[in-house]
Amino acid sequence: MFKGLTVGLVAVAMSMGASAGASNVSSSKLIKEATAAYKQVSKDTGYQWTVSVKALKAAQAAFDKGKYTDAEAHARAAMDLIEATRLQAKIEADTWKMRVPK
Amino acid sequence: MSSIRIKAKERKGSVDVKTLMKHNMETGLRKNKDGSKIPEHWITDVTAESGGKTVFAAAFNTSISKDPYLAFAFAGKKGDTLKISWKDNTGKTDSAETVVK
Amino acid sequence: MKTIIRSTLGTLGLGLALGVSAGPVEDQAAFQKYYENKFPNTPVMDFQNGVYSILPEAREQWEAIEEFPPYEIAIENGEKLYHSKFANGKSLADCFGPEGAVRGQYPFWDKDRGMVITMERAVNECREANGEKPYGWKKGKIADVTAYMSFNSRGQEIKVDIPSDDPRALAAYEEGKEQFYTKRGQLNFACADCHMLTAGNLYRADTTSPAFGHATSWPVFRSKWQSMGTLHRRFAGCHNNIRANPYKAQGTEYSNLEYFVTYMSNGLEFNGPAARK
Amino acid sequence: MDRRSILKAAGTISAAAAALAAFPRAVFAAYSEKAFKNPKVEDSLNELFGGNATTPSGDVKLKAPDIAENGAVVPIEVSTSLKADKIAFMVKENPNPLAIVADIPAGTEAMVKTRVRMGKTTQVTAVVSSNGKLYTASKEVKVTIGGCGG
């Protein structure tokens, strides 16, 4: 049942380790990409995970403080969560029907 | 409108009383959004009188739930008046009267 | 990551048949049957008492609360609001009758407008039609007024209708149904996961309630909130719990979900307002 | 109302004057700082009853849930077949255990129901004062942290 959570946590952990050499420019770009992905998923699926919103906000907050490495980590985490949301929607598009009792 | 709701019903010479008092019963432990503590504010004393006599009284701590509920029973009959009053730690008071059914 | 999510599908083996059932009537019968089989000791009409229909220990505490329920204050406030005059001299009573005992008529499919009308929406539309500002959707005055109206409607049968001459009504129902059965949020839960497949199980310290009977008792005074709230307030709370962004109260998603969930409780009675944990 | 609390009440702001007038001056228990704002059950009992020796008794009936649905609103009921003049209720693990003291004048049933707050799993105790002695009944109430906060 908590597989979705695991996905999220793994995603965050992976992202944290992969953001060396972050700059104003590169983190700004990542945040923009994540925000664009967020908007696209909203459009496509009609819903979001709360944690994606939080990660995006955290990325922006870190960016505003000049902590670009953190900002990139949060932005990557957001992207992964947003991607997982898209995947969930894709799987569920038909799977939900299996749960209807007959 | 009084903060006190009373239901008083006689059954074989005994009056069952149920009362609910609208009061926040602030414990002093909760915090506002800005982090400041909400000061304690609670009903300290409740009294019930009927026929010129106190038929029940209670003192509360802050651990009584929000909108305190009390139920008790006293010797009385249909048609008696029952008055319930409370006072809180800020000196505020309220009271309400009902006729026993 | 994909493999991780896919593996969830593999663990779905819950003995459910594939495929979608025929229509709303069959859906409802199968839905109700599911709960009757799962909780054979619960009399059918008792499902309208929510989780207390399956938890004797909690039921005792609930009954103690019901001796003088906290929602009585809301009913009194609601009565005042219901009869208080708008600026134009009218009141809610001009829309819903002297006591507002109309709970049994909602939610309904409005053919002219092509949408589900909930009782909360009807209240606010009555206010707006009379030049008043609408109440907020989730708590406060809307909950007080509907508490009064629901109280006066207690015992009315739930008989939500899906007009067969308007395919959009069935589409709205199907949308609500999809909402109910679709996994959402980072925790990957559907309404049906907690309130159907594992209804009655513990989630940390809380036992989940059966969805059969979910829509009967609103608005509710919830101890957790220490205040009254509407069904859509609770929907939003549930979505937050599974880490999905809630939809807007009274938006299409929640209105259609209410349409479906209430339809599933057809045959039970409206018994709101109620006290819940 | 004991002497000390009358003096205290009279000494507070003017609004209290109205409060005092509205409130009957009888020998009934009134809120007292010493009894209620006190982490020690023994001290509270001393303050309330002039002694803290208690005896568990099957004649004291305490109704409280084994598992509280919500720690903020736990329904409790205390009653006794003893001839009681006061009933008190304690929540051991609360910062100040004493929750309520009720007076039972002649003619009033030795019974009280209310709803109390409990911060965590705790022993709760009903204390009945009868003919100058204190009788008790206790049980444990489990308070759990919910999983579906919403």
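**Salt bridges**

A:Arg86 forms a salt bridge with A:Asp44, with the closest N and O atoms 3.0 Å apart. A salt bridge here is a side-chain nitrogen of Lys or Arg within 4 Å of a carboxyl oxygen of Asp or Glu. The pair links distant parts of the chain: A:Arg86 sits in helix α4 (residues 68–95) of chain A, A:Asp44 in helix α2 (residues 24–45) of chain A, 42 residues apart. Helices (H or I, at least four residues) and strands (E, at least two) are DSSP runs, numbered from the N terminus.

This is a predicted model: local features need pLDDT of at least 70, side-chain atom pairs count only at pLDDT 80 or more, and totals for chains, interfaces and linings use all residues. Residues are numbered from 1 along each chain as its sequence is written, chains are lettered from A and ligands numbered from 1 in the order in which they are written, and side-chain values use heavy atoms, with hydrogens and water left out.

Over all chains, the count comes to 27 salt bridges by this rule. Two further pairs belong to chain C. C:Asp165 and C:Lys111 meet at 3.0 Å, N to O. C:Asp165 lies in the loop between α7 (141–152) and α8 of chain C, and C:Lys111 in the loop between β1 (108–110) and β2 (115–117), 54 residues apart. C:Arg113 and C:Glu125 meet at 2.6 Å, N to O. C:Arg113 is in the loop between β1 and β2 of chain C and C:Glu125 in helix α6 (residues 119–129), so this pair ties together parts twelve residues apart in sequence.

The table gives relative accessible areas; buried means under 20%, exposed over 50%, partly exposed in between (1.4 Å probe, protein chains only).

| Residue | Relative accessible area | Class |
|---|---|---|
| A:Arg86 | 29% | partly exposed |
| A:Asp44 | 44% | partly exposed |
| C:Asp165 | 55% | exposed |
| C:Lys111 | 39% | partly exposed |
| C:Arg113 | 40% | partly exposed |
| C:Glu125 | 23% | partly exposed |

**Helix packing**

In chain C, the axes of helix α2 (residues 24–38) and helix α8 (residues 167–181) come within 12 Å and cross at roughly 30 degrees. Axes are lines fitted to C-alpha atoms, for helices over the stretch in contact, with angles from 0 to 180 degrees between N-to-C directions. The contact (heavy atoms within 4.5 Å) involves C:Pro24, C:Asp27 and C:Phe31 of α2(C), and C:Leu170, C:Tyr173, C:Lys177, C:Phe180 and C:Tyr181 of α8(C). C:Asp27 and C:Lys177 also join C:Glu174 in a network of salt bridges.
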